[in-house]
Amino acid sequence: KTPPSIAPALSAPPNAAGWVTGDTTVTFTCADSGGSGIGACSPPVTVGEGASQPVTGTATDVAGNTATVTVTVSVDKTPPSITAAITPAPNAAGWVSADATVTFTCADSGSGVQSCPAPVTVTAEGGGQTISGTAVDAAGNSATTSVTLNIDKTPASVTAMVEPAPNAAGWNNTDVTVTFACQDAGAGVDGCPAAVPVSAEGANQVVSRTATDRAGTQATASVSVSIDKAPPSI
């Protein structure tokens, strides 16, 4: 009159959250001690992806008594998704001219996201800085993404020169050309002003131009030109 016993076992035990990261086989162990003996025992069942999937097994002894057991299996084999965004966004040349924050967005349609990286603020200047983040789902699957960050907060340097150089009194007696020299140790110079010819006579004529680096920062240089091409009268 006594039913048999049946016990389930999973080929891959679930983690603390109750999830398995691969196909799992449920096997059943059946016994009927001191009775008529086992007549039938449910065969193994392989379970694929899905949450809270019930798997039932039945043991039957020779006398026809039965026992049933059900185990719930949750399988998630798919890693979560993770994307990274830079704020402020880099310009067309791929550079940022201020401190930047990398934020991560994570999603998982299976067991759900267990951890997603916190935002990372980058203040150091330099090109090719790699910022990485890893997302982990409740099953233990993980995915990593990286972004390359280029930061240049320092404006380019620009200097202005008068050619030919003025005399000791600061004057020129011919037409002159104002040329500009630009440098940038970070993103590199995007545009350096073209030479400016000055032929008009007059004192303290200010010539100003602006240089821009590839990060978009700017610097301006100015020079004062005094030209007197007319001889004195005597």
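Which residue in β12 is the bridge partner of Gly126? Ile151 takes that place.

1. A word on the model before the details. This is a predicted model, in which local features need pLDDT of at least 70 and side-chain atom pairs count only at pLDDT 80 or more, while totals for chains, interfaces and linings use all residues. Residues are numbered from 1 along each chain as its sequence is written, and side-chain values use heavy atoms, with hydrogens and water left out.

2. β9, β11 and β12 form an open sheet of three strands in the order β9-β11-β12, with antiparallel pairing. Because β9 (113-115) and β12 (142-151) stand at the edges with a single partner strand each, one side of each has no neighbour in the sheet. From one strand to the next, the twist averages 40 degrees (axes are lines fitted to C-alpha atoms, for helices over the stretch in contact, and angles between N-to-C directions run from 0 to 180 degrees). Strands here are DSSP runs of E with at least two residues, numbered from the N terminus, and two of them pair if DSSP finds at least two bridges between them.

3. Within this sheet, strand β11 (residues 126-137) pairs with β12 in the antiparallel sense over nine bridges. As background, strands of a sheet pair through backbone hydrogen bonds, either parallel or antiparallel.

4. Strand β5 (residues 50-61) pairs with β3 in the antiparallel sense over three bridges, and Ile38 has Asp61 in β5 as its bridge partner. β5 also pairs with strand β6 (residues 66-75), again antiparallel, over nine bridges; here Thr56 stands opposite Thr70 in β6. The hairpin of β5 and β6 has four residues between the strands, and Gly64 takes a positive phi near 100 degrees there.

5. Now the cysteines. How many disulfides does the model hold? The count comes to three, taking a disulfide as a pair of cysteine sulfur atoms within 2.5 Å. With bonded cysteines counted along the chain, the pattern is 1-2, 3-4, 5-6.

6. Cys30 is buried at 18% relative accessible area, whereas Cys41 is partly exposed at 34% (buried means under 20%, exposed over 50%, partly exposed in between, with a 1.4 Å probe and protein chains only).

7. Cys106 and Cys116 form another disulfide, their sulfur atoms 2.0 Å apart. A torsion of about 75 degrees about the S-S bond makes this disulfide right-handed. Cys106 lies in strand β8 (residues 100-107) and Cys116 in the loop between β9 and β10 (120-122), 10 residues apart. Cys106 is buried, at 18% relative accessible area, and Cys116 is partly exposed, at 35%.

8. Cys182 is joined to Cys192 by a disulfide, S to S 2.0 Å, and with 80 degrees about the S-S bond this link is right-handed. Cys182 sits in strand β14 (residues 176-183), and Cys192 in the loop between β15 (189-191) and β16 (196-198), 10 residues apart. Here Cys182 is buried, with a relative accessible area of 19%, and Cys192 is partly exposed, with 35%.
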